[in-house]
Amino acid sequence: MKKTLVTLVAGALSGIVFAAVEWEAPIEYSQAGLPFADGVQGVLVWGGTNVLKVTVGRADLWDHRGGYEWTTEQTYKNIKDCLQRGDTGGLGRLFDKKVAPGEVRNPYMLPLGHCEFDLGAWQLEGGSLDPFTGTGTLRLVDGAKRAEIRMALADGRFAIEWPAGLEPAGRAICAWNSPAVRRPLEAVGFAAPKTWGDAKAAGFEWAIPGDPTVSLAFATGAGRTVLSSVRGGRAAPALKGAEGLIAAAQRKWADWWRDAARVSVPDPVIQEIYDYNFYRFGAMTDPSGVPAPLQGPWYEENKLPPWNGDYHFNINIQECYWAAYLGNKPRHLLPLFRMVKGWWPRLKDNARKYCGVEDGFMLPHSVDDRGNCIGGFWSGTIDHGSTAWLAQMMFRYVDVTGDLEFLRTDAYPFMKGAMKVYRAMMEEYHGRLSIAATTSPEWWGMGLPDDGWGRDASFQLAACHRLCRDLVRAAEMLGEKPDPMWLEVEKRLPQYSVARQTSCVRKTNEEIGVFDGFRLAESHRHHSHMAGLVPFDTIDFEADETTRNVVRETYITWVQLGPGLWSGWSMPWAAMLQARIGMGDMAALTLRTWNDVFTNPGHGSRHNGWFPGFSMMKGIFTQNGEGGGEVMQMDGAACVPAAVQEMLCHERQGVVRLFAGAPAKWKKVSFRNFLVGGGFLVSATRSRGKISLTVRATRDGTFRYTPTGKTADAVAVRMSAGETKSF
């Protein structure tokens with residue numbers, strides 16, 4: 001059972017009291033445990049009665065074999081021809097891959113294992129984690145006696161401090177020991193690990209075919225246990241200096257929160273899920289680590305991760321990193337960008353084979369950490385919005401940091417290459433530009449003709465327009481002239497596709513279509529047709545009456561169809577869409593519902609619902625914990641802080657909106673250190689309807705905001721680097 005607001009911790013934001021997050025014992029499985037991470041290693045602490053379990057995973061632990069190379073037959077022309085002729089067999093053959101027995105179809109992430117400690121007569125009662133110090137505490141009982149265990153991760157080692165007199169016996173257990181792991185891995189060349197040690201110090205080393213070995217070990221002494229894992233050798237966790245590890249973790253997290261975006265809201269649930277999940281975001285995306293895949297570094301010890309644990313670029317990775325921008329943690333994006341730059345030769349080869357473009361970039365939606373395509377899912381493979389969305393992330397990083405060198409060497413070339421591929425797909429159509437064969441993320445079947453494709457997917461149109469506008473701004477920042485092709489596309493490509501619907505209540509109205517002429521037909525976890533509103537901000541719904549009506553009708557249909565097929569990560573995106581049009585009460589309800597439905601009893605983030613009745617992503621007539629088991633993904637949890645941030649402050653059409661998505665019933669609400677475009681750090685308080693605002697410029701520029709929320713009332717303030725102004 002989840003508990004909140006039990007252990008109070010003084011916060012650095014004036015007038016606010018924060019809470020440590022609470023757990024009750026038994027903590028029955030690893031994904032319900034207390035989480036710690038350093039961007040590479042992930043630790044989950046769980047257990048019950050007199051056994052403490054510590055599951056360790058790594059965000060760099062891959063079996064890299066397998067995958068799909070782009071072929072010379074997988075051209076846009078061939079794919080379009082198959083779709084337009086209804087040749088589903090031919091389309092399947094383009095993306096088919098024969099895999100012989102014993103071969104690996106796809107690269108995939110691997111679980112590592114866990115350590116178990118026998119606590120003797122002591123029993124686990126519960127625990128807590130303080131997100132502001134990165135310190136965990138477990139409460140023990142032995143009759144009338146009580147004691148505590150303290151834990152933290154620092155300097156690559158996980159430290160446990162035991163109460164006086166407790167000397168637990170431990171053992172290290174490889175994930176190989178789980179039949180659900182061993183059986184599929186035995187079939188593709190894995191063997192049992194080498195083990196060593198005793199109850200005070202033990203470990204294992206596991207050979208990964210084609211990749212460096214991995215090992216996990218622990219050592220106990222002087223009232224402490226230290227765990228560590230390494231690649232390419234045998235782990236030997238050092239007890240020397242272990243007495244300072246918890247203090248080191250506390251210093252690190254105090255430093256991290258010092259300039260982090262902080263919020264104070266009167267809703268205790270939203271306050272907790274912001275603080276706790278912003279901590280988890282920081283832990284899994286540490287700039288010294290590796291980019292965070294779907295589960296971050298937190299992998300179960302008893303099964304292979306769902307969806308290969310890979311990088312999904314059609315929403316999931318974007319959600320994992322969304323909080324970096326307003327959250328004032330842009331450096332956390334750099335490992336992701338560095339990884340992608342290492343893929344450039346592969347992505348250029350993809351673009352060359354797909355549409356004959358030189359110096360283009362084409363990123364499939366699902367890849368490993370080498371950019372190797374995973375799966376034969378054709379509509380995801382050709383989803384060019386994945387490339388454009390990553391380009392938007394790069395330029396937004398430049399916008400908030402002013403990093404012109406990164407723009408020149410990384411973002412601008414990538415943006416231009418992405419645009420070349422879009423232009424190569426376009427054709428003349430009724431006096432405008434059009435893309436005849438497009439996909440929208442993970443749409444197939446669902447009443448669509450020819451299995452999930454159509455002309456001018458609104459998601460692709462919005463992504464392309466965002467790319468055009470960012471390219472024009474990027475050229476200006478670098479002192480270059482914009483390419484006339486970008487201007488032509490911006491002028492002649494539709495902003496979104498239009499669909500018409502007729503009902504006895506609404507008669508006939510136009511709304512944003514998933515594809516040209518095809519409206520949202522049923523609940524869907526991807527809100528992709530509305531991407532022109534969030535995240536791409538290409539549709540200005542204040543521009544004119546026609547656009548206002550189209551957007552209004554789009555929201556009506558979206559609400560009517562409801563969340564019956566939403567996943568956990570659908571929820572924060574939905575809250576942002578609600579915040580953008582002033583539905584603050586609904587945005588708050590959506591985030592509270594996410595916490596109720598899409599987290600487990602240990603606050604763990606889930607893809608499927610914890611209980612049935614809200615979404616079919618759980619199923620119906622199943623009990624808690626049943627219906628497919630735990631499917632953990634970090635995208636929803638990592639994006640919740642971003643959704644809270646956007647409720648309190650977001651940019652729309654270049655203008656900062658303050659508290660536009662916050663419920664009016666929140667009489668006092670505040671935030672600090674939100675980083676917005678132009679490099680401005682914004683702090684504000686709304687108390688009984690009155691807003692006070694403080695802005696600090698990190699570089700010269702013009703800060704634009706609206707005190708009323710209306711674009712017509714926008715104010716432009718010129719500021720110099722280092723200058724602070726209050727309004």
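**Exercise 1. Describe how strands β21 and β22 are paired.**

Strand β21 (residues 426–429) and strand β22 (residues 432–435) are joined by four bridges and run in the antiparallel sense. Two strands count as paired if DSSP finds at least two bridges between them. Strands (E, at least two residues) and helices (H or I, at least four) are DSSP runs, numbered from the N terminus. Within this pair, Glu427 stands opposite Ser434 of β22. The hairpin has two residues between its strands, and His430 takes a positive phi near 50°.

The model is predicted: local features need pLDDT of at least 70, side-chain atom pairs count only at pLDDT 80 or more, and totals for chains, interfaces and linings use all residues. Residues are numbered from 1 along each chain as its sequence is written, and side-chain values use heavy atoms, with hydrogens and water left out.

**Exercise 2. Determine the strand order of the open sheet of five strands, and explain why one side of β3 and of β13 lacks a neighbour.**

Step 1. The order is β3-β4-β5-β8-β13, and the pairing is antiparallel.

Step 2. β3 (34–37) and β13 (169–174) are the edge strands; each has a single partner strand, so one side of each has no neighbour in the sheet.

Step 3. On average, neighbouring strands of this sheet are turned by 20° against each other, direction ignored. Axes are lines fitted to C-alpha atoms, for helices over the stretch in contact, and angles run from 0 to 180 degrees between N-to-C directions.

Step 4. β3 and strand β4 (residues 41–48) run antiparallel and are joined by four bridges. Here Leu34 stands opposite Val45 in β4.

Step 5. Helix α5 (residues 268–284) packs on the sheet and touches β3 and β4, its direction making about 35° with that of β3. Contact means heavy atoms within 4.5 Å.

**Exercise 3. Characterise the surroundings of Gln31.**

Step 1. Gln31 belongs to the loop between β2 (17–24) and β3.

Step 2. Its relative accessibility is 2%, so Gln31 counts as buried. Buried means under 20% relative accessible area, exposed over 50%, and partly exposed in between (1.4 Å probe, protein chains only).

Step 3. The side chain of Gln31 reaches the backbone oxygen of Trp298 at 3.2 Å. Apart from neighbours within four places in sequence, the residues in contact with Gln31 include Leu44, Tyr299 and Met632.

Step 4. The peptide bond from Ala25 to Pro26 is cis, with omega near 0°.

**Exercise 4. Explain why the buried residues of helix α8 line one face.**

Step 1. Helix α8 (residues 344–355) has 12 residues and reaches 16 Å from its first C-alpha to its last, close to the 16 Å expected at 1.5 Å a residue. The expected span is 1.5 Å times one less than the number of residues.

Step 2. The buried residues in α8 are Trp344, Leu347, Asn350, Ala351, Tyr354 and Cys355.

Step 3. Seen down the helix axis, the buried residues of α8 fall within an arc of 120°, so they line one face. The arc is that of the directions from the helix axis to the C-beta atoms.

Step 4. Among the elements covering the buried residues of α8 are α1 (76–85), α7 (334–341) and α11 (404–425). Just after α8, Gly356 takes a positive phi of about 70°.

Notes. A polar contact is a pair of N or O atoms within 3.5 Å; within protein, one must be able to donate a hydrogen and the other to accept it, and residues adjacent in sequence count only if both atoms are side-chain atoms.
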